[in-house]
Amino acid sequence: MKSILIIGMGRFGRHLCKNLSQLGNEVMIVDEKEENLEELLPYVVSAKIGDCTNEAVLRSLGVDNFDLCFVCIGTNFQSSLEITSMVKELGGRYVVSKANRDIHAKFLLRNGADEVIYPDRDIAERLAVRYSANHVFDYIELTDEYSIYEIPPLPEWVGKSIREADIRNRYRISVLGTKVGGKAKVMPGAGYVVQKDEHLMVVGKKEDIDALLKKMP
């Protein structure tokens with residue numbers, strides 16, 4: 001469990017708040033508008049109305065007491081930059097700021113952000129991969145080189161164990177989990193027998209997984 005401060009309750013901030021709370025974290029939220037806070041009250045330990053470009057408001061939050069501080073201001077970059085800088089100056093341990101453009105990210109990183117996220121861009125890239133490639137049910141990019149894909153098994157794997165199919169050596173990918181009917185099993189052993197109607201969650205280099213997908217019927 002972590003203590004987390006989220007500044008800015010736009011669409012992304014609201015989703016982030018709910019998910020962090022449901023994972024057992026203690027969340028405090030701040031926004032200029034009271035109506036943006038009301039629906040989130042069941043999920044948080046504290047909510048405050050305030051303009052965080054005002055240093056006095058930020059000081060009153062005790063930002064140095066939080067494990068993580070998220071700055072989720074998406075429509076006003078100047079405000080996002082000012083808040084990010086002040087949160088760090090006031091002792092924010094780890095500051096994550098939302099950006100919409102690469103140039104914004106560079107300024108945020110130079111002015112106090114420990115990490116910058118691009119939720120809109122990341123979702124767009126994930127959907128582009130998922131819907132442009134056949135046989136891809138889900139996709140998560142880990143680095144520029146490695147990704148996790150949710151794919152069906154090759155017909156030649158069905159009825160064989162992961163070891164017998166020699167998936168890692170022949171295809172240079174690793175099986176992280178399996179999914180049947182929405183239920184996932186994580187880290188199956190080498191003796192796990194691949195089933196026809198399940199999905200496999202595999203990790204590997206993009207070029208290796210692309211080569212594998214071309215073998216799909």
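Guide: In this account, buried means under 20% relative accessible area, exposed means over 50%, and partly exposed lies in between, with a 1.4 Å probe and protein chains only. This is a predicted model, in which local features need pLDDT of at least 70 and side-chain atom pairs count only at pLDDT 80 or more, while totals for chains, interfaces and linings use all residues. Residues are numbered from 1 along each chain as its sequence is written, and side-chain values use heavy atoms, with hydrogens and water left out.

Visitor: Why is K106 called partly exposed?

Guide: The relative accessibility of K106 is 47%. This value lies between 20% and 50%, so K106 counts as partly exposed. K106 is found in helix 5; helices (H or I, at least four residues) and strands (E, at least two) are DSSP runs, numbered from the N terminus.

Visitor: What makes D31 a buried residue without a salt bridge?

Guide: A salt bridge requires a side-chain nitrogen of Lys or Arg within 4 Å of a carboxyl oxygen of Asp or Glu. For D31, the nearest side chain of opposite charge is K33, 6.6 Å away; Lys and Arg count as positive and Asp and Glu as negative, with His and the chain ends not counted. D31 is therefore buried with no salt bridge.

Visitor: Which backbone nitrogen does the side chain of D31 reach at 2.7 Å?

Guide: That nitrogen belongs to M9. D31 itself is found in strand 2 (residues 26-31).

Visitor: How do you know that the reach of helix 4 is close to the expected one?

Guide: The expected span is 1.5 Å times one less than the number of residues. Helix 4 (residues 77-89) has 13 residues, and its first and last C-alpha atoms are 18 Å apart, close to the 18 Å expected. G91, with a positive phi near 105 degrees, follows the helix.

Visitor: What makes a set of residues a nonpolar core?

Guide: Such a core is a set of buried Ala, Val, Leu, Ile, Met, Phe, Trp, Tyr and Cys residues joined through side-chain atoms within 4.5 Å. The largest here has 20 residues, of which Y149, I151, W157, I167, I173, V202 and L212 touch the most other members. Helix 9 gives the most to this core, with three residues. Apart from it lies another core, of 18 residues, including L5 and I83.

Terms used. A polar contact is a pair of N or O atoms within 3.5 Å; within protein, one must be able to donate a hydrogen and the other to accept it, and residues adjacent in sequence count only if both atoms are side-chain atoms.
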